[in-house]
Amino acid sequence: MIKKHKSQMPSKVYRAVCLALMAGGFSLGVNAAEAEAAEEDLQDIEMEETVVTGSRLQGSAQAVLGERKDQAFVADILGSEQISRTGDGDAASALRRVTGLTLVDGKFIYIRGLGERYSSTLLNAASVPSPDPTRSVLPLDLFPSSVIESLSVQKSYSPDLPAYFAGGNVNIRTKSIPNESIFKIGGKLGYNFDNEKSPWYAGGGDDSIGSDDGTRELPAAFEQAFQAGDISTLSGPESVALLGTLNRDISARAESVDPDIGFNVTFGDKIDVADESQFGFLAAVSYKNEWQVGNERNVNNLASSGGQIRINEFADGASTEHEVKWSGLLNFGYDFDANHSFEFNNIYLKDTKDRLRDRQFENTNTINEPDESRRKVDILYEERELFSNQLKGRHNFPEWYNVGVDWYYSRSETERFAPGGFETTFRLDRAGSGFTSQLARDINTTYSFQKLDDEVENWGGNVSIPFYFDDWNLELKAGVDFIDKQRNAENIGITVQTFSIPAQFLPGSDFSQIFSDGNLSQADFTVRLDDTTADGDKYIAATLNDAYYFMASAEIGAEWRVTGGLRYEDFRQVSVPFQPHSNFFSVEGEEIAELPLAEDDVFGSFAVTYSIDSEMQLRFNVSQTTIRPDFRDVSTSFYIDPLTEFLVRGSTSLQGSDIDNFDFRWEWYMETGENLSVAFFYKDITNPIEQIELPSATEGAPQLLTANASDGEVFGLEVEFLKDFSFLGDEYANFFASGNFTVSESEVNICSDNDPNTLCLFEEQLKEALNTTESVTSVITNNSRRLIGHSEWVVNLQLGWDSLDGEHAATLVYNVFGPRIIVPGVNGFEDAEELSFDSLDAVYTWYPTYDSTFKVKLKNILDEEKTIRQEGVDILRETVGTEFSVEYSHEF
């Protein structure tokens, strides 16, 4: 077995693989010795051994499978024990194990091949805002696995969910109040094998705790200068003095990085207050400090000449990222009796990422010049925070025909604070056998300061009443759901015009030395500053969504369950752009009247479940839902997509997408905990929202337009299973395999109307973006293609082992997805695709005592790279590295 794995692995990760197999092999040997010593005693109690195996499967999956089986709608549920078993550190990485789900950019989940905009995320069934200015959905890497009780992915629509639904709905359910006293502490130590010396900079004094100490913030002097007028008109001395207030301690010197560390503490209890009353609480805090060193290549400009593909611009070199994560959980609960209870849940999450890249940079001016080159240094610093308060009540009134009342109020705030955006370029000239360096005079140095605040209030409730008859029963439920979302966002850009700096100050390779206090104090040092903040970089936005729904569920005999209902939503949204550094609108007159988006509609759902016997059942669901444009989707201001680094803008005439959903699934839940399910799904999409590259002859990053295609569809087959190896013999009963795979197809038609005298919706939006009246029908390379982000196949496999004494467990976890389109091609270029990523992880767990756990993890054993390819050129290539970590926890 070991030889087989050795022959399949690259030599540079052979040592890492051996470590994983040695860890598992040692525990296998221990268990084998125990089994041999006790063989005679166990011969007569084989049934007892089978029961132990069943408990193992139930402990890892059966609890959540029971919930999934009992739900009226198609759903997949991942419990905390399953997440722990695979060693995934956050909600995003855990969800890629769910059938039909893929992970993009480490943050966003694509469900059934539909992009993140086609899915929604709830926190404990409540709406929460997103701190990501480029996405409307919550980035799921914010949620560490230590705060997660379970992850529910509902794939068929029910009227008690928001109608913003296509791929599915993810409900993140945080840890609940324990039934008994718990006090648990844990720690982590890890290292990435790629983490050698890498370029880094000084940063701020509080970087280790994930907070900027003011080093990177926009100086007050600039805020005063913006209010006074155009900073480009300042005199030389005034500009130099203003420049001196910015952070210039950016050296990009090679430094060693620290190992990854982390800790977590959990404390909770439930106390009897009176005869039937109980008070409970749960408090938890966790901290992670991690580094990742790698290499990153971006190609920003491709051209075609004489049938040959030419690269006009690229950057390639070292990348260093420092990430600090905090999470805090404080929950209270009070049960008056079995019929009345309250919960007050509070969660705080903070994720700070600081990235510096020091790379070779070439454009059309230098790419074919043997004696001249470029070096680009850029920094992205961002703090993302989420704070959520949720108050819930559950009541049952047996004396009033068992009427049930559930109510909730949630208030959540997110903030993205990104003050440290920086980019500068050096010119390298060959001198003998080496290079001399100086700040490039033809490429300016830029600073950016961004801030985004989102706030969401979500409140509502429902009333239900059951009716019981001889051979069937009926439950009616009516509810309301109100969402109020507000956003304030601002982006400030400052350019340092390097051509205005005297030549004698430009030589050097260290930005902090070129712009040192000593140089700035020289009488002949001059500089020009420009404000690059544009209309719409500051904006406010708001969304109101009032919903009312009615549902009915009938259980007929022991075989049938029929559920259906309607949801009415009154949706209103507005995004108002401002002039830079002011509170004045950047639009007026008729443009203001066109800003609000308002629509109301009724959405229906119908589901049937047929129980073949106690283990098997069939499900069918049909529903109608919608996907609406987000704030950024209707703005004409450009923003940078974090995955491709392309510029993206919206369309003021963007329309929502209507979706018809169909699901059919067969499920088999065996008493041993084993299971098998097969599902078919189909979705018909009207006016799907896609991103199309804008044709441009200019250099620099490509520009994408968010626009409507005419129609689209996606359909596929999902298979999921869990099986132990007892059929090979009793000695293999403690091994099991689980997994899932999805095969699917999709098609989107950009323009379905072939009448040359009729413009389709996309053509109208493209003409508006290009400000032209000329024909644009030849822009799109493939008028019909797969949906953006759709993988035609996804595979998840797990091979697990548990010792008979329950003290050891090992899991080998594999995930891979098929190539998916990231950027559709234009002007004859083929579509840019992200290539498959073979993710292989290993987790070994040892329970030295009943109350302690020791865990060893290896991630990305195959040392795969993330790659996006177009026309045979890798336009994005990023190393990930192989990560090794050990964790220990103890419960008192």
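This is a predicted model: local features need pLDDT of at least 70, side-chain atom pairs count only at pLDDT 80 or more; totals for chains, interfaces and linings use all residues.
Student: Which strands each supply at least two residues of the lining of the largest cavity?

Tutor: Residues are numbered from 1 along each chain as its sequence is written, and side-chain values use heavy atoms, without hydrogens or water. A cavity is a set of points, on a 1 Å grid over the protein atoms alone, where a 1.4 Å probe fits but cannot get out; lining residues have an atom within 4 Å of a point. Strands are DSSP runs (E, at least two residues), numbered from the N terminus, and the suppliers are β4 (119–123), β19 (472–497), β21 (538–556) and β22 (560–578).

Student: Which strand gives the most to that lining?

Tutor: The lining has 23 residues, with S127, S136, Y164, I483 and K485 nearest the centre of the cavity. With 4 residues, the top contributor is β4.

Student: How much space lies in the largest cavity?

Tutor: There are 10 cavities of 30 Å³ or more. A volume is the space filled by probe spheres set on the grid points, joined across faces, edges and corners. For the largest cavity, that is about 480 Å³.

Student: Which strands stand at the edges of the open sheet of 4 strands?

Tutor: Strands pair if DSSP finds at least two bridges between them. The order is β25-β26-β30-β29, with mixed pairing.

Notes
On a 1 Å grid over the protein atoms alone, a cavity is a set of points where a 1.4 Å probe fits but cannot get out, and a pocket is an open set with protein on both sides within 12 Å along at least five of seven lines; lining residues have an atom within 4 Å of a point.
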